[in-house]
2 protein chains.
Amino acid sequence: MQNSVFKALSHPARRQILALLRKGPRLAGDLAAEFDTSWPTMSRHLAVLKEAELVTAERQGTQILYRVNTSVLEDAATALLGLLGRDNGDDPMKEAAE
Amino acid sequence: MQNSVFKALSHPARRQILALLRKGPRLAGDLAAEFDTSWPTMSRHLAVLKEAELVTAERQGTQILYRVNTSVLEDAATALLGLLGRDNGDDPMKEAAE
DNA sequence: CTGCTAATTAGCAAAAGTGCTAAATTGAGT
DNA sequence: ACTCAATTTAGCACTTTTGCTAATTAGCAG
């Protein structure tokens with residue numbers, strides 16, 4: 001579960017998408033317009049982010065509004081911070097069975 | 001540059017390695033013993049981490065001592081946190097040209 | 001229902017990532 | 001120089017990821 005998040009974050013385009021989304025929700029189309037990749041490619045990046053639950057999608061009639069899922073992003077940041085905390089006994093990367 | 005870091009973090013084994021290393025420096029061999037992947041595979045994971053500068057390697061005679069590079073890990077965590085900060089005007093994922 | 005726009009899914013080819021075994025390297029000891 | 005142990009590099013097979021174009025679905029307007 002943590003894994004899909006980090007995998008989603010591993011592509012620069014997807015981090016860029018999150019950076020854009022950070023400033024507020026955005027329509028898929030507007031998002032796509034900001035990148036010079038093809039529309040379907042953008043759509044797939046969004047799907048990966050959605051799968052990792054880093055974003056949520058909400059239909060607005062014919063368009064789809066994307067939004068960052070702050071808590072998942074927070075968890076990821078926390079996991080990284082846990083990786084550098086001075087020894088406090090428990091394993092920060094231990095993850096519950098999938 | 002940020003990119004190689006997130007890519008390095010995208011593999012669970014590599015995050016585990018960092019989790020082990022968090023508790024203190026460790027010899028490559030000891031590290032390898034903790035996982036059930038082959039030795040060369042572990043070696044490659046370490047190479048990826050080193051390439052991303054998430055760890056540093058230091059020869060100790062015939063063995064090699066690995067150590068987390070805290071600052072790079074910190075930067076990554078900070079980048080993620082930047083992705084969820086309330087709008088403060090600048091783009092947290094903007095990265096200098098490669 | 002037809003047509004239009006927004007967005008996703010299918011299918012494919014190219015590139016990158018993973019993990020293995022076998023071979024090479026590096027340093028220490030003799 | 002020869003040998004042993006620790007580690008990395010080479011080479012290969014296999015899977016995943018990426019990005020494209022073409023085709024499809026979804027919702028709305030007429």
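Analyst: In this predicted model, chain B holds an open sheet of three strands in the order S1-S3-S2, and the pairing is antiparallel. Strand S1 (26-27) and strand S2 (55-60) of chain B form the edges, each of them pairing on one side only. Strand S3 (residues 63-68) of chain B joins S1(B) in the antiparallel sense, and two bridges connect this pair. Within that pairing, Leu27(B) is found opposite Leu65(B) of S3(B). Helix H2 (residues 12-22) of chain B packs on the sheet and touches S1, S2 and S3 of chain B. The direction of this helix makes about 90 degrees with that of S3(B).

The second largest pocket can be described through its volume and its lining. The space in this pocket comes to about 230 Å³. In chain A, helix H1 (2-9) and helix H5 (70-82) each supply at least two residues of its lining. The most is given by H5(A), with five residues. Among the lining residues are Met1(A), Gln2(A), Ser4(A) and Val5(A). Glu51(A), Ala52(A) and Glu53(A) also line the pocket, as do Val72(A), Asp75(A), Ala76(A), Thr78(A) and Ala79(A). Sorted by class, the lining of this pocket comprises six nonpolar, three polar and three charged residues.

How values were computed
Residues numbered from 1 in each chain as written. Chains lettered and ligands numbered in written order. Predicted model: local features only at pLDDT ≥ 70, side-chain atom pairs only at ≥ 80, totals over all residues. Heavy atoms only, no water. 1 Å grid on protein atoms, 1.4 Å probe; cavity = no way out; pocket = protein on both sides within 12 Å on 5 of 7 lines; lining within 4 Å. Points joined across faces, edges and corners; volume = space filled by probe spheres on them. Helix = DSSP H or I, 4+ residues; strand = E, 2+ residues; numbered from the N terminus. Nonpolar A, V, L, I, M, F, W, Y, C, P; charged D, E, K, R; others polar. Pairing = 2+ DSSP bridges. Contact = heavy atoms within 4.5 Å. Axes fitted to C-alpha atoms, helices over the stretch in contact; angles between N-to-C directions.
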